[in-house]
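Work through the two exercises below with the structure open. Each task is followed by a stepwise solution.

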Amino acid sequence: MRAVAFMIRFILRMTFVLAPATTAFVSCTARRACYSKIKCFASKATFSKASEIMDILKTRYGERDQDVDWTRARNYAYRTSKSLDMEQVNQVLSFLDELFEPSLVTSILTTCPRILRKNVDTQLQPTIQFLQTLYLDEMFVQAISRNPHLLISSGVEKAVPNHLLDVYLLETLGLTRRNLQTLRTTAPFVFRIDLEKIQKVVEFLQDIFQQADLDANETRRLLTKIIMTHPSLLNLHVTANLQPRVAFLMQTCQLKEREVATLVKMSSGNVLGLAVDANLRPKLEFLTQLFQREYPKDVEVVLKKCILGHPQLLALSLKNIQTKVDYLDAIDTTLASRVAMRAPAVYSLSLKDNIIPTVEFLAKIWGVTPPTVEWHGNDLVLTNPHHARNDTNSSSLLASMLMEYPSILTMSLEGNIQPTLTFFNRTGYTYLDENYTLQNHTTARPIRGRYIGASLFNRLLPRWHHVISKEWPLEQHPTTGRPDPSSLPPLHLLVGATDEAFCEQLGYDYHEYVAFKDLSVPRLKFSSQFDTWLKTGRPIDV
């Protein structure tokens with residue numbers, strides 16, 4: 001009996017416990033059924049609207065070409081049909097039909113269906129007007145054909161011609177209408193910048209140039225050059241970008257306000273476009289360490305001279321600078337710092353196309369060995385980086401010649417160095433073979449880099465021909481049959497002296513020489529280049 005009573009009480013308790021759960025389960029099941037019906041109804045509505053949109057598109061455009069792939073448009077219509085108004089769709093289609101052929105409209109819709117959500121008046125129409133200012137009629141259509149996404153580019157609708165900005169650029173800054181058209185083509189973002197922001201940048205630049213005592217016309221000319229070459233500066237904030245960069249340069253390079261103006265002027269504003277932490281700081285730290293080797297007591301002075309001499313150096317990548325330092329180090333460990341101080345423009349030259357070919361040519365005419373290099377793609381590999389330095393004679397002569405006149409590395413190999421060496425070889429001042437290799441002979445003398453840098457047409461040729469016209473007593477060498485170096489006019493007078501000193505030392509009338517020079521230079525230049533033209537086809541500059 002007790003067992004039966006226990007079972008009855010247990011059953012009653014379980015009934016009270018399970019009743020709420022059972023009710024909740026039934027209620028949840030009912031709600032799910034209701035939600036499924038609502039979701040099904042919504043899905044059917046969405047599908048119906050998307051189908052309606054696709055029916056419109058296919059009716060207007062799809063019948064002309066059965067191979068059109070509407071997948072992207074269909075997917076977009078299904079995803080956005082809730083917010084896509086049919087009137088909006090029809091307005092966009094009518095707008096496109098007025099502008100383009102049906103085949104191009106089809107391409108636009110299948111490529112970027114998002115255009116269906118663009119408002120015709122506030123987005124598409126201004127965008128079209130702006131794009132038409134960039135391209136002529138045929139070019140405009142071609143541009144849209146190649147890239148339909150131009151029509152939905154973010155922010156382009158704000159770039160409609162701003163007449164106040166046009167007036168400011170034309171009348172206040174002095175840009176020409178051709179400049180304006182160039183900016184619209186190459187830097188259209190300028191016309192999306194607030195005029196007030198541009199005015200603040202221009203006023204900041206004007207304040208810099210006032211420190212250099214430039215007149216209004218020169219300032220306007222520089223501003224035009226900066227805007228045309230580095231228009232992105234106009235989009236910078238004065239307090240957040242420009243002022244910190246100027247302050248950093250002044251502090252790090254010990255620049256005065258007038259020297260900042262020189263720096264900005266020489267770089268056409270490019271130096272102001274370089275971020276402090278990403279560009280300026282790491283490069284100036286690298287250059288400081290480079291100068292520390294050779295000029296430990298004058299690092300700040302040398303760094304300042306380097307940057308003012310060639311501010312474009314700061315725009316080079318750190319890897320670019322490092323590679324050139326490595327190559328120059330292979331010649332002499334002090335050469336890289338000497339070049340950076342006395343001829344920093346060398347670092348802006350291509351190592352592969354300019355610096356190495358010039359060094360290797362100069363090594364031939366000086367009779368020394370340059371570093372051996374290999375190229376793995378665009379990466380330089382010094383196969384034996386200390387080879388030239390291990391050869392004491394080669395290392396000391398090559399390094400000393402380059403250190404004496406490092407600017408020779410900036411000269412054109414074919415346009416300047418080779419023609420000048422041809423002159424020195426033919427006149428007997430050096431002895432080179434047909435490959436410009438210095439011969440092992442007592443008459444073979446290396447020509448200093450400073451002498452090679454002398455003007456061939458305005459100094460060497462006129463003076464040489466004037467000496468010859470005065471019947472200078474030249475003698476032939478008994479073994480080579482070439483002019484004997486001991487009988488030649490002194491090379492330092494031919495190359496380095498002023499016209500007055502040249503005439504005084506050799507006993508010539510100065511005025512007579514000047515008249516001879518004025519008459520003969522054009523003829524000598526024509527004769528020399530005519531010979532070059534016969535061999536290479538280079539045009540003659542009369």
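**Exercise 1.** At what angle do helix H9 and helix H10 pack, and how far apart are their axes?

Solution. The model is predicted: local features need pLDDT of at least 70, side-chain atom pairs count only at pLDDT 80 or more, and totals for chains, interfaces and linings use all residues. Residues are numbered from 1 along each chain as its sequence is written, and side-chain values use heavy atoms, without hydrogens and water.

Step 1. Locate H9 at residues 195-210 and H10 at residues 216-229. Helices are DSSP runs (H or I, at least four residues) and strands are E runs of at least two.

Step 2. The angle is about 130°, and the axes lie 11 Å apart. Therefore H9 is oblique to H10 (under 35 degrees is roughly parallel, over 145 roughly antiparallel, 65 to 115 roughly perpendicular, the rest oblique).

Step 3. H9 contributes Val202, Leu205, Gln206 and Phe209 to the contact; H10 contributes Thr219, Leu222, Leu223 and Ile226. Contact means heavy atoms within 4.5 Å.

Step 4. Sort the contact residues of H9 with H10: six are nonpolar, two polar and none charged.

**Exercise 2.** Which element gives the most residues to the lining of the second largest pocket?

Solution. 

Step 1. List the elements that give two or more residues to this lining: helix H15 (318-331), helix H17 (351-366) and strand E2 (379-382).

Step 2. H15 gives the most, with four residues.

Step 3. Among the lining residues are Lys319, Trp375 and Asp379.

Key: Axes fitted to C-alpha atoms, helices over the stretch in contact; angles between N-to-C directions. Nonpolar A, V, L, I, M, F, W, Y, C, P; charged D, E, K, R; others polar. 1 Å grid on protein atoms, 1.4 Å probe; cavity = no way out; pocket = protein on both sides within 12 Å on 5 of 7 lines; lining within 4 Å.
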